[in-house]
Amino acid sequence: MYCTLICCMDGRFNMAVNEYIRVKYGYVYVDTITDAGPVSKIINESYLKDIEDKIVLISVKKHKSDHLFIAGHHDCAGCPVDDETQKSYIEEAVDILKKDLKDIKVTGMFIDGDFNIKVVKEV
């Protein structure tokens, strides 16, 4: 019923990625954690410690979320790199998240400038 999404705060993409998850994966509720360019923060900082309570204690334990999504997008002000670099960051972020959340499926996705969503990595 619940899944968790970590994505950029950019409002252009939030509705599209939430709807995509609901339709493609069949979730009713998407616990959404937003920040500016979280993909780059996950791979470069101790960012996960800052949001761990929201993911693990609330979404996973309280809401029984069984799937974590991490999304990046084209033209991100918080992660100002080209699309291919951002996709590689998403892949790396999936691996980092999966290492800490072994019992949960983790999916990384990228949203291009036309709002097309592509799964980059799923473990």
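**A first conversation**

Author: Phe115 is partly exposed, with a relative accessible area of 39%. Please keep in mind throughout that this is a predicted model.

Reader: Where is Phe115 placed?

Author: Phe115 sits in the loop between E4 and E5. Its phi is near 70 degrees, a positive value in a residue other than glycine.

Reader: Let us turn to H4, then. How many residues does it have?

Author: Helix H4 covers residues 83–100, which gives 18 residues. From its first C-alpha to its last it reaches 26 Å, close to the 26 Å expected at 1.5 Å a residue.

Reader: Which residues of H4 are buried?

Author: In H4, the buried residues are Gln86, Lys87, Ile90, Ala93, Val94 and Leu97. They lie on the same side of H4, because the arc they cover around the axis is only 115 degrees.

Reader: What is on the face turned away from the buried side of H4?

Author: That face of H4 carries the exposed residues Glu84 and Lys99.

Reader: And what covers the buried residues of H4?

Author: The cover includes both strands and helices. The strands are E1 (2–8), E3 (67–73), E4 (105–111) and E5 (117–122), and the helices are H2 (38–44) and H3 (47–62).

Reader: What happens at the start of H4?

Author: There, a side-chain oxygen of Asp82 comes to within 3.1 Å of the backbone nitrogen of Glu84.

Reader: Back to Gln86: why is it counted as buried?

Author: Gln86 has a relative accessible area of 2%, and buried means under 20%.

Reader: Which residues does Gln86 touch?

Author: Not counting residues up to four places away in sequence, Gln86 touches Val39, Gly72, His73, Cys76, Cys79, Val81 and Phe110.

Reader: A change of topic. How much space lies in the largest pocket?

Author: The largest pocket holds about 210 Å³ of space. Its lining has 13 residues, and those nearest its centre are Leu48, Lys49, Glu52, Leu97 and Asp100.

Reader: Which elements give two or more residues to that lining?

Author: Those elements are H3 and H4. H3 provides the largest share of the lining of the largest pocket, six residues.

Reader: What about cavities: how many are there of 30 Å³ or more?

Author: The count is one cavity of 30 Å³ or more. The volume of the largest cavity is about 40 Å³.

Reader: Which residues line the largest cavity?

Author: Among them are Cys7, Cys8, Asp10, Phe13, Ala71, Gly72 and Ile111. At least two residues of this lining come from each of E1, helix H1 (11–25) and E3.

Reader: Finally, where does Val119 lie, and what is it in contact with?

Author: Val119 lies in strand E5 and is partly exposed, with a relative accessible area of 27%. Leaving aside neighbours within four places in sequence, Val119 is in contact with Tyr20, Tyr25, Thr107, Gly108 and Met109.

Note on methods: Residues are numbered from 1 along each chain as its sequence is written. This is a predicted model: local features need pLDDT of at least 70, side-chain atom pairs count only at pLDDT 80 or more; totals for chains, interfaces and linings use all residues. Side-chain values use heavy atoms; hydrogens and water are left out. Helices (H or I, at least four residues) and strands (E, at least two) are DSSP runs, numbered from the N terminus. The expected span of a helix is 1.5 Å times one less than its number of residues. Buried means under 20% relative accessible area, exposed over 50%, partly exposed in between (1.4 Å probe, protein chains only). The arc is that of the directions from the helix axis to the C-beta atoms. Contact means heavy atoms within 4.5 Å. A polar contact is a pair of N or O atoms within 3.5 Å; within protein, one must be able to donate a hydrogen and the other to accept it, and residues adjacent in sequence count only if both atoms are side-chain atoms. On a 1 Å grid over the protein atoms alone, a cavity is a set of points where a 1.4 Å probe fits but cannot get out, and a pocket is an open set with protein on both sides within 12 Å along at least five of seven lines; lining residues have an atom within 4 Å of a point. Grid points are joined across faces, edges and corners, and a volume is the space filled by probe spheres set on the points.
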